[in-house]
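Here's a quick briefing to read with the model open in your viewer.

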Amino acid sequence: MKHLSLGVFMAICGSIVAAEDAESMRTFLFIGTSNSAAWEMQIANPGDRAVSVKGGIEALGGELLSYYWGLGNGKNYITVSLPDDPSFIQAFYVSRLGDGLLDDYQMIELMSSADMAVALERVPEIKAVDDVK
């Protein structure tokens, strides 16, 4: 995944802006690589997967922000806002690992540029603790 398409990049940017409005939510990018069984299932039952994913995420208190497929690599790129509950987020991630439909699955937390600025301001605080050790 060296190059993201402009559409995926714009979706990520839009997702971050949307997530900033909800302080109790965290934004994630999920990247999945479907295996042959998943492709066979999708070919046999074509449809907009975003519709079913959206309903499931909303039922869990989250929000589907975007759902894209990468032409040329067959991966899906899904951005979601999830409640800021670490054990829930971990369970959400793990829930997909056992379904047997993905060969590869990544979860990346996205943060706004403003949040990164706050994190960068705290680096000296962390380095000071490391220097004491």
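Helices (H or I, at least four residues) and strands (E, at least two) are DSSP runs, numbered from the N terminus. The model is predicted, so local features need pLDDT of at least 70 and side-chain atom pairs count only at pLDDT 80 or more, while totals for chains, interfaces and linings use all residues. Residues are numbered from 1 along each chain as its sequence is written, and side-chain values use heavy atoms, with hydrogens and water left out.

**Surface patch**
- Leu120 sits in helix H5 (residues 113-132).
- Leu120 has a relative accessible area of 52%, so it counts as exposed (over 50%; buried is under 20%, partly exposed in between, with a 1.4 Å probe and protein chains only).
- Together with Met111, Met116 and Val123, Leu120 makes a nonpolar surface patch of about 340 Å² accessible area.

**Nonpolar core**
- A nonpolar core is a set of buried Ala, Val, Leu, Ile, Met, Phe, Trp, Tyr and Cys residues joined through side-chain atoms within 4.5 Å.
- The largest one has 13 residues, and Phe28, Phe30, Leu64, Ile78, Val80 and Leu82 touch the most other members.
- Elements giving two or more residues to this core include strand S1 (25-34), helix H3 (49-59) and strand S3 (75-83).
- S3 gives the most, with 3 residues.
- Beyond neighbours within four places in sequence, Leu64 is in contact (heavy atoms within 4.5 Å) with residues including Ala50, Val53, Ile57 and Ile78.

- Ile31 lies in strand S1 and is buried, at 1% relative accessibility.
- Ile31 and Gln106 are 75 residues apart in sequence, yet 5.1 Å apart C-alpha to C-alpha.

Definitions and conventions
Patches are made of residues with over 30% relative accessible area and no salt bridge: like charges are joined within 9 Å, nonpolar side chains (Val, Leu, Ile, Met, Phe, Trp, Tyr) within 5 Å. Accessible areas come from the Shrake-Rupley method with a 1.4 Å probe; for residues, only the protein chains shown count as cover. A salt bridge is a side-chain nitrogen of Lys or Arg within 4 Å of a carboxyl oxygen of Asp or Glu.
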